[in-house]
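Dear colleague,

Please find below the structure I promised to hand over, together with its sequence.

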Amino acid sequence: MTSPISTEKHGHVLIIRSNNPPVNALGAAVRQGLVAGIEEAEAAEDIKAAVIICEGQTFFAGADITEFGKPPVMPWLPEVVDRIEACSKPVVAAIHGTALGGGLEVALGCHYRCAVASAKLGVPEVKLGLLPGAGGTQRLPRVAGVEKALQMVTTGTPISAQEAFEIGLVDRMIEGDLLQHAVAYATEVADVRPLPRSSERQGKIEEASPTAFDDFIAANPRTFKGFEAPMKNLEAVRAATLKPYAEGVMDERKLFMELMSGTQAKAQQYFFFAERKAAKIEGVDETVKPREIKRVGVIGAGTMGGGISMNFLSAGIPVTIVEMSQEALDRGAGVMLRNYEASAKKGRFTAEQVGQMMGLLNPTLDFDSLADCDLIIEAVFEQMEIKKDIFGRLDKIAKPDAILASNTSYLNVDEIAAATSRPQDVVGLHFFSPANVMKLLEVVRGAKTADDVLVTAMALAKKIKKVAVVAGVCYGFIGNRMLIPRQTEATKLLLEGATPAQIDKVHTDFGMPMGPFQMADLAGVDIGWHRDVNRIENIRDALCSADRWGQKKGAGFYDYDDKRRPSPSPTVQGIIEEFRTKAGVTPREISDEEIAQRTLYTMVNEGAKILEEGMAQRASDIDVVWVYGYGWPVYRGGPMHWADAEGLQKIVDGLKAAAPHMGDDFSFSQLLLDKAAKGEKFTGR
Ligand code: T1G
């Protein structure tokens, strides 16, 4: 087996090159090769310096995550980094792509770092529930300062090479050929002594104010809420300000091992692979090519149509947006421009880029102008007859091979496809609101959707920076379908004695961004309401009839002040009590545990049904939907991974205990029962 590391002499410089696709992960063979390369540089009399560089798309992108949980193979990465730093001859890191995690730690072990402008440097271990475990929490604050180190380790967000250069993390910016300039730089510093060792550089650490850490925690509550890793990252960096390197690195090791053995790290590492697996379509040949999408058509310039359009404009794809009135068009384009301007204020775009993106928008009242679009997305009112009429009209004007997509969030895509003569070109593209922000895209595969249409949708999703999950045709697809039992049981629990605040708190304590009723108030209690104010059959009807449509009306399940701060509503409590009386229900004390069983466990049961019906390709796809679509806490992996961690038998027993209260609304998934009986798992980890 040839080593992924090769060496080559270039004058008095030894080039140590890694070629370990796809991202030069620091697997055992790479680590062994790096140590061998340093030993070679050390031993060769004609060598005065070394350059470490990577082939392919990027500098080392970190430790090899596939090795986690397996018996360690020497040398460990900390040893490799220490060996590089201990080299008696200068070692230069030549950085391109993304120097991440252990990759940045290798670069920190080098005495000098040079990078091309397009490179990024980061320590995303926190996203895997970990911390930089190869000296990064000790070297980074010494080189880049405590404030920047804290921000990088606790968020995992990489910085640009330019920013790294400005803070001293990169010593030289390279224009042109990276290797050539890195060798020249190595030659330049070959005789510089003493060598700058990151583990000894103390300059910036002394600047740290005594309250830097507490201030940072106070200023970033969301970074720390529910997660274990960010705080341990902070503790490791704090150790770097209190102790000599050798002791600080012991703290780092201890904190790293605590995280690695915890459930959150397992969940977040599981999710790292789950997210990437979602992009793969079972049963479609890898040779199937996507169709070319040069122009996108969007029907409807409302909240969804505008948000959807922004995704394509931001990716540089022209959009023709159609509405029925100039006023609606102008309003839609105005909202899009204001959204872009708000993002520009946050530094996400320049004013020029906003102008360019809006310049790609072609707002029109002429439906037939969609004829030159390669993909047309309908984003109109969620009513089947309206959608079928639109698809019938599209069938007459769209060009051959145009993809016709519906943004429906529940309706039957096959029925919509049947309104055309080209069902093979019809697919569901379910964006989540706000569509220009939420990363999840459910790609709904109709019975007749052609493979290349599916491949095109998945490829386009990546291009517009969405995480796409393939869903089958069923009511609510994956995410919204699992919302149904949750909402059903949550509403019944109100009748039986719980309050909206109690039920929501069970969910926010669990780690969800909001509970079922907070979500209803945000999205709109009136979504799906029949609009007949005289027809009051349930609590939601009563709220809608009383104009309590949620936050947008200042009242829903909660009352809201002028800053949209919620408070429990005596009016709503009165409505609930009326319905209890009508139903002859005597309210009872309901435990948080029962609330969790009847809302979270029923979601898992529905997820199992989705799997057994083939409406999701794999259990991990369901987890990707819930993390990216609804904010399920990633440190719990997603509903199906969490169910495995809870234990499927415990979930079955909990549902059996709750069954008397759930009545006919509930039926067990056979797959869940079978897996529980056999002691199997959904997600296999
Ligand atoms: N280990 C193993 N495989 C990896 C990997 C890694 N670090 N990074 C990516 N892959 C695989 C990925 O699963 C996919 O495989 C393929 O490479 C392409 O990835 C001690 C402990 C580098 C920005 O967290 O952020 O260092 O699906 O689709 O969009 O302190 O990959 O093709 O079979 O994401 O171009 C820290 C994780 C590790 C970086 C490239 N490093 N990777 O994005 O490609 S922990 C990370 C990424 C650590 C030390 C600690 C991205 C990328 P497949 P991709 P991409």
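**Charge on the surface**

On the surface, a patch of positive charge is formed by Lys127, Arg348, Lys439, Lys463 and Lys465, which gather there. Please bear in mind throughout that this is a predicted model. One member of the patch, Lys127, sits in the loop that runs between β7 (120-122) and α4 (136-144), and Lys127 counts as partly exposed because its relative accessibility is 48%.

**Salt bridges**

Side chains of opposite charge can pair when their charged atoms come close. In this model the count comes to 44 salt bridges, with a nitrogen-to-oxygen limit of 4 Å as the criterion. Three of these pairs are described here in turn.

Lys9 forms a salt bridge with Asp46, and the closest N and O atoms of this pair are 3.2 Å apart. The pair links distant parts of the chain, with Lys9 in strand β1 (residues 5-10) and Asp46 in the loop between α1 (28-43) and β3 (49-54), 37 residues apart. Lys9 counts as partly exposed at 42% relative accessibility, and Asp46 is likewise partly exposed, with a relative accessible area of 33%.

Arg291 forms a salt bridge with Asp452, where the closest N and O atoms are 2.8 Å apart. Because Arg291 lies in the loop between α12 (263-277) and β10 (296-299), while Asp452 belongs to helix α18 (residues 451-463), the pair ties together parts that are 161 residues apart in sequence. Arg291 has a relative accessible area of 17% and is therefore buried, given that the cut-off for buried is under 20%.

Arg481 forms a salt bridge with Glu613, and here the closest N and O atoms are 2.8 Å apart. Arg481 lies in helix α19 (residues 479-496) and Glu613 in the loop between α24 (592-612) and α25 (619-630), so this pair ties together parts of the chain that are 132 residues apart in sequence. Arg481 counts as buried at 8% relative accessibility, whereas Glu613 counts as partly exposed at 42%. Beyond individual pairs, salt bridges that share partners join Glu489, Lys492, Glu496, Arg588, Glu594, Arg598 and Asp665 into one network.

**Helix α13**

Helix α13 (residues 303-314) has 12 residues and reaches 17 Å from its first C-alpha to its last, which is close to the 16 Å expected at 1.5 Å a residue. Since 10 of its 12 residues are buried, α13 is largely enclosed by the rest of the structure. The buried residues of α13 are Met304, Gly305, Gly306, Gly307, Ile308, Ser309, Met310, Asn311, Phe312 and Leu313. Just after α13, Gly316 takes a positive phi of about 80°.

**Separation in sequence and in space**

Ile478, in the loop between β17 (467-471) and α19, is buried, with a relative accessible area of 0%. Ile478 and Ile610 are 132 residues apart in sequence and 7.0 Å apart in space, taken from C-alpha to C-alpha.

The other pair involves Met152, which lies in helix α5 (residues 146-155) and counts as buried at 1% relative accessibility. Met152 and Thr491 are 339 residues apart in sequence, and in space their C-alpha atoms are 42 Å apart.

With best wishes

Methods: Residues numbered from 1 in each chain as written. Predicted model: local features only at pLDDT ≥ 70, side-chain atom pairs only at ≥ 80, totals over all residues. Heavy atoms only, no water. Patch = residues over 30% accessible without salt bridge, like charges linked within 9 Å, V, L, I, M, F, W, Y side chains within 5 Å. Areas by Shrake-Rupley, 256 points an atom, 1.4 Å probe, with all protein chains shown as cover. Salt bridge = Lys/Arg side-chain N within 4 Å of Asp/Glu carboxyl O. Lys, Arg positive; Asp, Glu negative; His and termini not counted. Charge placed at Lys NZ, Arg CZ, Asp CG, Glu CD. Helix = DSSP H or I, 4+ residues; strand = E, 2+ residues; numbered from the N terminus. Buried < 20%, exposed > 50% of the residue type's maximum accessible area, 1.4 Å probe, protein only. Expected span 1.5 Å × (residues − 1).
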